[in-house]
Amino acid sequence: MEGTALRGRLTWQIGTVIELIQETARTRSIVLDLPEWRGHRAGQHVDVRLTADDGYQAQRSYSIASAPEDGHLEITVERLDDGEVSPYLVGELRPGDALELRGPIGGYFVWEASLGGPLLLVAGGSGVVPLRAMLRHHSAIGSTVPMRLLYSARTLDEVIYRDELMKSAEGAIDVRFTLTREQPEGWRGYARRIDRELLAEVAWPVDDRSLVYVCGPTGFVETAAEALVALGHEPGRIRTERFGPS
Amino acid sequence: MDALDGNAIGGMLRSAFGEEMTAATGVCATCGKPNVLAELRVYLRAPGAVGRCRHCGNVVTVLVERHEVTCVDLRGLAHLT
């Protein structure tokens, strides 16, 4: 039937940009109005497709930054200087512009209340994006599952959602930052790369059988996941998502 | 270059199979070990998206998407559940 999507089929849809939020010098959040959107789960992503005048298409995956309960879909994009898609999304896109995407995608790197916890979220750089959707979802449903976030960034200026995360830290969420390159004066957080020693300090005790989500660049994810397994955490309870320039 | 993982081919898998597949388990035809598809080592820059077994490194999935058509080669998988 014309106009009726096949059940289960993932179709491209057009969103309209309603707001752009500069998060850091290199990252921007894009808030979209999507009339055909049917909801998502925290941790899922979308594929974004750009089409040039000559028909050339480039496609990339971006994590959803908003909670299912938020009114609009939001993605956060980091600009990669040699990228085909991100310079346009971070530098050129304007409110009112149309953006083609499909989703939601993924059923593995997802958290919802039925999965329980306690939760450890480990973020490297813009790997914090899908974890922010989980934090917001956790808050929106009033979950009492203990939640801890360990977020590694190079400098404080590169911390995405800084104000929001600081606010979460004043509430029930245990938020720990580590700044690997440069720390402001009087910095009381960690100042080193995530490794086995740091994870031993921050992770829940092994006996708590915590559920762990690790997202970041490939090398970061491998290091964190291997360290957690070495510390005795169950591989089956560590979910990972890697990203990189593609 | 660094490999990504099977989350990156979630959209292509979904359009090929008509349902969410990243949480599915594929048994490698070479080493016999199971991989959650989200955990495959994925290379997007090859001709097509190549998914390799996380345990032995053999190619288990190749996906090519062009103008709404997805070509799928799963000969490296013994089972998919």
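Two residues are taken to be in contact if their C-beta atoms, placed from the backbone, lie within 7 Å. The model is predicted, so local features need pLDDT of at least 70 and side-chain atom pairs count only at pLDDT 80 or more, while totals for chains, interfaces and linings use all residues. Residues are numbered from 1 along each chain as its sequence is written, and chains are lettered from A in the order in which they are written.

Helices (H or I, at least four residues) and strands (E, at least two) are DSSP runs, numbered from the N terminus. In helix α5(A), residues 218–230, the buried positions are Phe220(A), Val221(A), Ala224(A), Ala225(A), Ala227(A) and Leu228(A); a residue is buried if 20 or more other C-beta atoms lie within 10 Å of its own, and exposed if 12 or fewer. Because these residues cover an arc of only 160° around the axis, they lie on the same side of α5(A), the arc being that of the directions from the helix axis to the C-beta atoms. Gly219(A), Val229(A) and Ala230(A), on the other side of α5(A), are exposed. The buried residues of α5(A) pack against β7 (119–124), α4 (196–202), β10 (211–217) and β11 (238–243) of chain A. Just after the helix, Gly232(A) has a positive phi of about 105°.

Tyr213(A) touches Phe109(A), Trp111(A), Leu121(A), Leu131(A), Met134(A) and Arg239(A), residues up to four places away in sequence not being counted.

The contact between the chains takes 20 residues from chain A and 20 residues from chain B. On the side of chain A that touches chain B, β11(A) provides the largest share, four residues.
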